[in-house]
Amino acid sequence: MPVPYPFRGLLRRPTGGLALLTVTALLVAAGAVGLVPTLAVVELAGAVGAVPAALRLSRLACACRPPATPRATGTPRPASTPRPPGTPQAAGRPRAAGVRWLAGLARSAGTSWPTGVTPQVRALRVVVLLNAAVVTAGLTTAVPALVGPPWRAAGVAVGLLLVAGCAGTALVLLPGRSRLASRDRLRQLVDPAVPAVGLALATSLLLPDAPVQVQTGAAILAGVLGAVALTALTGRHRRPAAAVCRGASALLLLGLLLLTATLSAPLTQPATALTGPATELAGPAVDRMVLLGVPPLVLGMWLAVAGARRVVGPEPGPAAGRAWTWLRAVVPATVVLLVGGHQFRAVGGFDATALLFCLAVVPPLVARELLRGADQRRYAARRSARQARLRALVTGARDLILLLDDELRVAWQSPAGPRLFGLADEVVVGRPFRDLVHPDDAERVAARLAAVRHDVEAGLLVARLTDGQGGWRETESTVSDQRGVPELDAVVLHVRDVGECRRLERTVHHLAATDQLTGLANRAELYRALATRCAGRPGGSGAVLVVELHGLGAVNDGPGWAAGDEVLIEVARRLRAAAGARDLLARLTGDEFAVLSPAGAVPAYELATRLLAALTVPYGVAGAVVRMRTSIGLTEIAGSGPDDVLRQADLARRRAVQLGRDRVEWYDAQLEQQLLRRLDLERELPGAAARGELDLVYQPVLAMADRLPVGAEALLRWRSPVLGTVHPAELLPVAESLGLVDEVGRWVLGRACRQLADWSAGDARLFMAVNVTPRELVATDFVRHTAAVLAEHGLAGDRLVVEVAEPRLAAGETALAARLGELRSLGVRTALDGFRTEHASLSQLRRLPLDLLKIRPDPLGSARPMVDAVVGLAARLGLELVAERLESPAQVDRAYRAGCRYGQGYALARPATAERVEAYLAEVPGAAG
């Protein structure tokens, strides 16, 4: 809690001290001219200086009071002391300012400080002691006016001793920056001793007629005060607070000393000196001498306030600049020479006291020289130890240190040069640094060093440095311009050999970026190079090829994994042989490779054709010849990111696979749309049958002779609420890839047979044709399931026609023939769908058990001889011909004249729902099988 003070407004004004000093000066002037008695002036001046200074010091003491120790949780607050009965309560009347000030001061000096002497506690003690010294000095000025003449000097002397004790204790307790060693404290005592003895000697020479006691005391006090004053003036650069406090103490003691001397002077005069006419002159003159102690006394009081402020506040760091410590020796010596010369001129010699002080100079000088010699020996030992440590560090360091002069010549090298780099001093020292650098790096190094010489940050200097044996070392150097340091005056290079580190980095990078089997780059390295090219050349030329090998799995399953590795190694060799020097070859997965080419579109396509030709050549593995099929996707780098470029090339590769392999395909936007469509189909198709989204439409099959319906073909439709109507050409490949073709086929067979049974309830006797994939047909339970469906709906086997597409027939004709034969044993008729005469394989008609053959006549009729051959062969094999996709009356007429018994197409009847087909059958009379 802040303590209120009287005269707070005066104390807070910055001009308060100047006003009080002005009042003091006016009082001294009034006493000097005789307007005010001198003793009254001394008393008033002491009060004017001491009271405000004491108030400010008390306020500072309360400001730096340590915080009260907090009570533990749960400790009850002590109860207040009850008022005695009958004591009136001072309600509504605050305590006086003086009472509150005394209470705050008592609390600041109480016993509630925390344990341990903290800097805050030390500062508080110093302020309290300075306050005591100021108050004591102020009270001492009132002693001459209160006591008789015989006791005045003694009273002031007692006050002088008290002030000296308080001020001296405050100076000892001043908080310093660090604790000093014993030798440093001894030096602080010895250094002022020499000027103190000199000033004491000068003072003793100035008082030749005074008694020995007064002369000795005055000389000692003058020496002490002078040494303190000189130390305060010359030590301000280190501890400003201590310097101000010392100056304040010296002024206080000087003022009281002058006051004591002037008050004791009339008592020491002979009795005859005060008789006669001279008494009237000597008395007032001696009386006015008392005023000499007032100015230093009041100024010391206010300097004590300034010093206390510095002690309480944060002390600034040591001031920059040179300290005037030479004044401690020069000023006392000059004073001694001047006074000694005057003494020799006036008296012609020294008395015993002066000689004693002359001899007293010898011990401090000897002690100071001894301390200085010890300091020099310690400094030399520390310097030798530091040099030894520095030499050991430089000698055992792994870095080569070079000092370059202004011409960038090597002025010195560390012992690491001969030891690590094989560079002898006679070979290196005196040579330009660029002669030690690889010629390819010389220009760059010279430019970096020139930048350092122009105060530009050079950073890390990377260069190849000669090693003394004709080789080159990869190095990194840090450059420091130390030409501003007088001891060096050079450009310092710390050179480190990083060759082994660089080799390890290259090895790690090679392992991390290379496929270990083929030696090609891996996917990560391809991605990094592609990202660099995409970022550095947006929209520039370049292309990416993705190559896929087909048949590697068969090699691994047959001859083994070792044979597969041989094939991959041979593939990598062929890729290197066909690619250019600037092309980056990479292995993406087990059987996929990629080529990043900086060439344009046309050269990239030529590269792709060369790769295709090289990779399709048969491979000799384990004594056998293996042929690998290849699909290559190609895309340009046109401002896309690496992910987009790789995705586009992979889409083109998939297109090449779909179109039959062993080909090169370019990427276009339609491929991406087809991929997204395929992903949507794969996401929506599972569960479509359970959701009721599958549907059938039926296209009637008519007899060509009378144009009456004899049957219908069931065509699958997927009515997706998300994708719309999906036809079989798009639906079946997705179903096969998802493994849903059996599920979809069973649904189609069941739904078609149920619809045929509904139509058979009338007079119409039609057959139902159902398309079946070879995968469904070769399933072991297909025949058994077909028989179960026919039995469930009560249909005869000949009412069902199973169609298999001719272009989908590849290998495995033996299994297909067996399944078709089993179906014929049930009475089910079989048909070969999509038999195109331009690439007909007539041998299939002899091997497969078929009943119907569906052909697609040429729209222009140019293949008439081949159609005639197929019709003749079908007649000899007992096959009935069905002409499909008849789009015009002319095609219908040509099919009828060619000998086709049945026909279907838009020219005869369009596909329709079961209800519309049933209505169509009802409108056509005589529909029969």
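Residues are termed buried under 20% relative accessible area, exposed over 50% and partly exposed in between, with a 1.4 Å probe and protein chains only. The structure is a predicted model, in which local features need pLDDT of at least 70 and side-chain atom pairs count only at pLDDT 80 or more, whereas totals for chains, interfaces and linings use all residues. Residues are numbered from 1 along each chain as its sequence is written, and side-chain values use heavy atoms, with hydrogens and water left out. Helices (H or I, at least four residues) and strands (E, at least two) are DSSP runs, numbered from the N terminus.

The expected span of a helix is taken as 1.5 Å times one less than its number of residues. For helix H30 (residues 813-825), the 13 residues should span 18 Å, in agreement with end C-alpha atoms that are 18 Å apart. Buried positions in H30 are Glu813, Leu816, Ala817, Arg819, Leu820 and Leu823. These residues cover an arc of only 165° around the axis and therefore lie on the same side of H30, the arc being that of the directions from the helix axis to the C-beta atoms. An α-helix has 3.6 residues a turn, so residues three or four places apart point the same way. Exposed residues Thr814 and Ser825 are carried on the face of H30 turned away from its buried side. Gly827, which follows H30, has a positive phi near 95°. In helix H7 (residues 149-172), 24 residues should span 34 Å, and the end C-alpha atoms, 35 Å apart, agree with this value. The buried residues of H7 are Ala153, Val156, Gly159, Leu160, Val163, Cys166, Ala167 and Ala170.

Two open sheets are described next. Strands are taken to pair if DSSP finds at least two bridges between them. Eight bridges join strand E4 (residues 472-482) to strand E5 (residues 490-497) in the antiparallel sense, and Thr475 has Asp497 of E5 as its bridge partner.

Another open sheet of five strands, ordered E7-E8-E6-E11-E12, shows mixed pairing. Strand E7 (584-587) and strand E12 (663-666) are the edge strands, each pairing on one side only; the twist averages 20° from one strand to the next. Six bridges connect strand E6 (residues 543-550) and strand E8 (residues 592-597) in the antiparallel sense, and Leu545 stands opposite Val595 in E8.

Three aromatic pairs were found in a search of the whole structure. Rings of Phe, Tyr and Trp (its six-membered ring) pair if their centres lie within 6.5 Å, and planes under 30 degrees apart count as stacked, over 60 as edge-to-face and the rest as tilted. One of these pairs, Tyr698 and Trp759, is edge-to-face, at 5.3 Å centre to centre with 70° between the planes. Tyr698 is buried at a relative accessible area of 1%, and Trp759 counts as buried at 6% relative accessibility. The pair of Phe767 and Tyr902 is also edge-to-face, because the ring centres are 6.5 Å apart and the planes at 65°. Both Phe767 and Tyr902 are buried.

Definitions and conventions: Axes fitted to C-alpha atoms, helices over the stretch in contact; angles between N-to-C directions.
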